[in-house]
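Student: I would like to go through this model by question and answer. Please give cut-offs as the terms come up.

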Amino acid sequence: MHQLLHQIITEKKIQTVFQPIFNISERRIIGFEALSRGPQGSPLHTPQRLFDAAIQCGYLYELEILCRKLAVKTFAKLKLPGYLFLNLNPMVLTNLNYPEGSTLKMLDKAGIENDRVIIEISENYPIDSPGLLRTTIEKYRNYGFKVAIDNFGAGYYGLRQWSELRPDWIKIDRSFVENCFSDMVKREFLRTVIELGKATNVRVIVQGVESIAEFEQLIELGVGHVQGNLLAPPNAQPEQGFPSSLKVALKHQAPVGINGNVSGLVTQTPTCDSKAKAGQIYKLLSSKPKLQCLPVLEGSQVVGMVMRHQFMEKFSDIYSHALFDGHNISFFMDKNPLVLDSETSLDQASLYITERDDEDFSRYFIVTRNGDYIGLASCRELLRRITASKLEKARYANPLTLLPGNVPIDREIDFLLEKKIPFQLAYVDIDHFKPFNDVFGYAKGDQLIILLARIIQNCCKNAQTFVGHIGGDDFIVLFKNTPSEQICDNILVDFAEQSLAFFAEEDVKAKGYYATNRNGEQTHFHLPSISIGVVSPDVDVCQSHNDISTMATEAKKQAKKLPGNQVFYCRRANPYHMATTDIDEDNSVQVA
């Protein structure tokens, strides 16, 4: 192994591959991580074996320098856009031969600007000298580099390293992404890191995304940047576009309950070509004093944006025209403006905007459709629309539970049908509620309804669902890309346990209570229970919320025929072929 490794290094038998990192909201690549591979067919082909062998054989420093040199050279040769993410094993810092400024020389020779490089510090290896690491990182920062912590959550230091190194980026380890859609602990970890990133102005990348279910769950959590084989595997000739298959997934992933998307905010403003000269832009801005920003395009593709106040400051003295008039506009533009796809929902756009760490986020952002520029949108107008939307939601919310009422429920169903997004609907109803309300009073009745609302919300909080309150003791739950069975079962179990607190011990043992009915007669009443009717509409056949209401009402009626807390799953997918449905003696569902 020692001899093989020595041969690989001396003969430079290392292949550099690149894996793109995507900005989800902007549907674009923000940079590439450089990864190294040993010779094909060699026992040291995989990076894990290659670097583990280098550590064991004492060749880590030599291998690290070679891989970095080849990565920089290949990145420049391929003319890849955006950031270059370079891995740094902290163990090499203790090598006395580690040359200061070697990376600077590599970049200068390749013609790559320092501010395009992000140094990734891996958590997978112990750091014997944290002080030396902090000193090295500070030197990198002084040179203009940015810093990322790689494999966050799976290594030696975690939050301590975050606190001490103050990184610009955090890359969450794959172990927290795998099957996150079905693991509540992983989802809460991801949610916490994302929120901590926002609070500390650190951008979060979730790496190792390998399935559509994982991708959709990450979007639901508000993740901004992702990396993984689902989007693009490491490649010597990496793709430079956003995967078209995931654009469809993103369209279907619009958060439930949002009224409209950013396409309704678009206004037409002047643009400029990327080859324009600064003198031309100065004349344009001088003739249009109200023009605050100017998108820069190559054909129909956005490459940047000129901010008025920054640009005009450059021309504030008598020598500026002589210095800058002939410069290309790319010298002055912001190369990383906020660009959102036209299908981005208003609430999601708000999240992306507040994630920005630049001072101009509060003005305008660019809107594209399938990657092509269509116009500018005002952040102020976005805020106004969101405020109006929230006021409308409050107007139609149920006053007892504050959950969305009939109007937003109907709109949500119509939205899903219009977009052809498959979903399930559960109609939830309390059995024996009227006698309970009559006997114990409306205040207790309201408390029981509030209890059910809280139970439904708790059971649905980590899933892609929409919870609505039709009125009285009737609720609906919309399930989008989320199985309904487990959640419905949890609602039944939680209600059966928690509703017992409303009754005396003897009533619980007797599974009911005696009270005078409306006719003055002593009557035995059952304890309240839950009936849930679940339908799975055919979105290609059903035309509106009225069709869904017909199906859900019938399913609920069938559920109420079952004793106690029960769920009935309707097997009919549209209201035009509703068959007679009977329940057999074993309480199983039988569809005629």
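Student: In which helix is Leu 323 found?

Tutor: The model is predicted, so local features need pLDDT of at least 70 and side-chain atom pairs count only at pLDDT 80 or more, while totals for chains, interfaces and linings use all residues. Residues are numbered from 1 along each chain as its sequence is written, and side-chain values use heavy atoms, with hydrogens and water left out. Helices (H or I, at least four residues) and strands (E, at least two) are DSSP runs numbered from the N terminus. On that numbering, Leu 323 is found in helix 12 (residues 320-324).

Student: Is Leu 323 buried or exposed?

Tutor: Buried means under 20% relative accessible area, exposed over 50%, and partly exposed in between (1.4 Å probe, protein chains only). Leu 323 has 51% relative accessibility, so Leu 323 counts as exposed.

Student: How far apart are the end C-alpha atoms of helix 17?

Tutor: The expected span of a helix is 1.5 Å times one less than its number of residues. Helix 17 (residues 442-460) has 19 residues and should therefore span 27 Å. The model agrees, with the end C-alpha atoms apart by 27 Å.

Student: How many salt bridges does a search of the whole structure find?

Tutor: A salt bridge is a side-chain nitrogen of Lys or Arg within 4 Å of a carboxyl oxygen of Asp or Glu. With that criterion, the search of the whole structure gives 16.

Student: How many residues apart in sequence are Glu 164 and Arg 134?

Tutor: The side chains of Glu 164 and Arg 134 meet in a salt bridge, at 3.2 Å from N to O. Glu 164 lies in helix 6 (residues 159-165) and Arg 134 in helix 5 (residues 130-142), so the pair ties together parts separated in sequence by 30 residues.

Student: Is Asp 431 buried or exposed?

Tutor: Asp 431 forms a salt bridge with Lys 560, with the closest N and O atoms 2.5 Å apart. The pair links strand 16, which holds Asp 431, to helix 20 (residues 545-560), which holds Lys 560. Lys 560 is partly exposed at 36% relative accessibility. Asp 431 has 6% relative accessibility, so Asp 431 counts as buried.
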